[in-house]
Amino acid sequence: MQKRFIPALLMLASFALAQEPEHLKLASLPQGAISEENKIQVQTAEADLLKLAEMGNRNNEYTYIFNQIKPMLTSAHQAIADDELLELRKAMSIQICTYGIFDYYFCNSRFIQGNPTAVFLKTQGSQPDNSFIFRGDDSTLYVVHTPNDGSGNPATTFYSNSEVTEVGALYKLSNDLYVILRPSNGTCGEIFVLR
């Protein structure tokens with residue numbers, strides 16, 4: 001019986017490994033997929049989130065976390081290869097608000113190949129997330145959040161008429177620090193720290 005059990009385990013393990021994508025292919029941001037206003041929000045996200053963090057820490061209650069996120073909002077961006085995203089399997093949310101800065105535990109996340117581009121999935125935590133990842137340039141990836149597919153499942157196909165609810169950016173700041181910036185809505189914004 002043990003002779004049958006081991007091949008079955010190996011077959012099951014190979015099936016699980018086969019489900020993981022070997023490569024990702026990021027598409028360029030489709031023309032007209034996001035508004036000019038969204039593009040400006042992405043371009044000013046770092047400065048806007050830093051101002052928001054300064055307001056949230058005005059009484060020095062959140063200095064420890066403020067000192068951790070400040071470099072995330074002021075460091076130079078590095079080039080990102082498509083397949084690097086496959087190595088990132090956890091995301092931690094940092095909520096930056098006018099009334100404080102709040103960090104949460106790392107939750108499971110992953111990048112999968114969608115159509116026509118990669119999809120970011122945060123699969124744990126109180127706020128599951130899925131977003132399409134499009135290439136802006138070598139060091140800027142657009143994170144385009146759309147509603148789920150209507151049945152509660154994450155959408156994995158982006159249509160030219162997809163309803164875009166939010167646009168952010170993904171940056172590589174060092175070999176072990178990647179962030180997704182969600183622009184401020186005036187009161188709150190968010191950083192996802194990826195590892």
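The model is predicted: local features need pLDDT of at least 70, side-chain atom pairs count only at pLDDT 80 or more, and totals for chains, interfaces and linings use all residues. Residues are numbered from 1 along each chain as its sequence is written, and side-chain values use heavy atoms, leaving out hydrogens and water.

**Disulfide**
- A search of the whole structure finds one disulfide (a pair of cysteine sulfur atoms within 2.5 Å).
- C97 is joined to C188, with 2.1 Å from S to S.
- The pair links distant parts of the chain, 91 residues apart: C97 lies in strand 2 (residues 90–97) and C188 in strand 9. Strands are DSSP runs of E, at least two residues, numbered from the N terminus.
- The link of C97 and C188 is right-handed, with 115 degrees about the S-S bond.
- Both cysteines, C97 and C188, are buried (under 20% relative accessible area, with a 1.4 Å probe and protein chains only).

**E190**
- E190 sits in strand 9 (residues 188–194).
- E190 counts as buried because its relative accessibility is 10%.

**Nonpolar cores**
- The largest nonpolar core has 37 residues; I69, I94, I96, I101 and I191 touch the most other members. A nonpolar core is a set of buried Ala, Val, Leu, Ile, Met, Phe, Trp, Tyr and Cys residues joined through side-chain atoms within 4.5 Å.
- A second, separate core of 18 residues includes A91, A118, F120 and L194.

Note on methods
Helices (H or I, at least four residues) and strands (E, at least two) are DSSP runs, numbered from the N terminus. Buried means under 20% relative accessible area, exposed over 50%, partly exposed in between (1.4 Å probe, protein chains only).
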